[in-house]
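Please look over the sequence and the model shown here before reading on. The notes that follow take up two topics in turn.

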Amino acid sequence: MSHSPSTAANGTDPGMVIIGGGLAAATAAETLRREGWQGPVTVVAGEDETPYQRPPLSKGFLAGKEGVDALLPLPESWYPEHQVSVLRGVRAAALDTAAHTVSLDNGETLPYAKLLLATGAAPRRIPFPGVDLAGVHTFRTKADAVALREQLSGGGKNVVMVGSGWIGMEIAATATELGNQVALLGLEEVPLSVAIGAELGTVFTARHREAGVRFELPASAAEIQGSGGNVTSVLTTTGVTLPADIVIVAVGVAPNTELAAAAGITVNNGIEVDSSLRTSAPDVFAAGDVANALHPFTGTHLRSEHWANAIAGGKVAALSMLGQDAVLDDIPYFYTDQFDLGMEYSGFGTLTGDAELVVRGSLETREFIAFWVRGGRVVAGMNVNTWDVQEAIKGLISSRRTVDTARLADPQTPLEDI
Ligand SMILES: Cc1cc2nc3c(=O)[nH]c(=O)nc-3n(C[C@H](O)[C@H](O)[C@H](O)COP(=O)(O)OP(=O)(O)OC[C@H]3O[C@@H](n4cnc5c(N)ncnc54)[C@H](O)[C@@H]3O)c2cc1C
């Protein structure tokens, strides 16, 4: 079956169906229309929300500084204005890739010409004793953020964060700024060291400590304890009892692959796709957190759980759905904000394990760029409270040119000249 913008204008034709209501879904819908696709576009949003993005959830939205508008990559009115149908509160229940249909949990069946799986990821759940007590949260959705914001906004609560990754550290910062007392448990000696190494992880933990965050490391929860159904404390695996009005479990996410797997689509740490985001099933594509895409730069599959990848992947998937030649070859990028630390990172974390760390600037003043150099080449770079350098960092990585590390560390040498 072939569909072009001119042949698929009939509303009864199978059109483009997008499963998921996150950033990859919104970007794909926008790209389809921008590229001139005039046939039907249906977004099966899952949550009862207009498609939204998540980064503000743990930052400005949780802090009460940003409203719902900050969550919407496209205003609510964009969808009807562009004849994109959003099925809120409806989930895809099953796919039939031979028949090119999706069954929905409202009993309907949608035919598709091309299908995008943008189902994202969901928080990992660990069956800690007491995890079902009131006051114990995971954190992924707008509803999670609204519920937690209500509890944190007045301050004065004892919060125990189980998990020392980016989300755990961001929520710990926001909860502290709202006047709550936060204790954080993590399996690493230094939070974030798996991602950026202990030396740089210390920059973030030091800032948290200054603000009063208590770290119990390395430790996990042995038991979440309660009274009358409500959480009261957390007993750590190191035998410490931490008072808790609120417990947040942020121990990573797992890609939402069930739909694809049940349809016989290849799943391997996410839905496996080529660099044009095609799955193993004809006319089915995947993008965003759920997609494990072949990256042309490394020649290996990479599943990125970041905002920029959802945007870039949503675009590439839409172009591929339209039959255009498109490849997802962006250098992975993400950012975080914690207290007054703003950070951007680009590059290939998988290549940094045995890399040399080169720092330009000062870790003490927390204004620097860190580079990971492997075999004489920059494979990743991270700027903290230093701005407008991302393009240059990406240029160093993508050019694969050999660098002089002394010049790389020297703030007087423009990055473009290295
Ligand atoms: C709190 C938080 C803060 C973050 N901060 C940053 C940040 O600062 N920087 C950064 O780079 N990244 C950040 N991220 C990561 C970024 O938000 C994700 O990479 C991005 O949301 C991925 O978008 P997505 O569209 O692939 O998936 P998602 O946003 O997860 O959306 C997928 C949607 O699909 C729905 N769905 C699942 N199954 C079905 C089904 N069967 N039928 C219908 N719908 C379904 C889900 O309910 C969900 O709504 C953050 C994430 C979180 C949770």
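The points below describe a sheet and the surroundings of a ligand.

This is a predicted model, in which local features need pLDDT of at least 70 and side-chain atom pairs count only at pLDDT 80 or more, while totals for chains, interfaces and linings use all residues. Residues are numbered from 1 along each chain as its sequence is written, and side-chain values use heavy atoms, with hydrogens and water left out.

- An open sheet with parallel pairing is formed by 5 strands in the order 8-15-9-10-11, where strands are DSSP runs of E with at least two residues, helices are runs of H or I with at least four, and both are numbered from the N terminus.
- Strand 8 (136-137) and strand 11 (214-216) are the edge strands, each pairing on one side only; two strands pair if DSSP finds at least two bridges between them.
- Strand 8 runs parallel to strand 15 (residues 246-249) and is joined to it by 2 bridges, and V136 has V247 of strand 15 as its bridge partner.

**The ligand**

- Among the 35 residues around the ligand, those that come nearest are E47, R54, K59, R140 and D289; a residue is near a molecule if one of its heavy atoms lies within 4 Å of it.
- Helix 1 (23-34), helix 5 (166-177), helix 9 (307-321) and strand 21 (333-338) each supply at least two residues of the shell around the ligand.
- A backbone N or O atom of H306 lies 3.1 Å from an oxygen atom of the ligand, and a backbone N or O atom of E305 lies 3.3 Å from an oxygen atom of the ligand.

How values were computed:
Polar contact = N/O pair within 3.5 Å; in protein donor to acceptor, adjacent residues only side chain to side chain.
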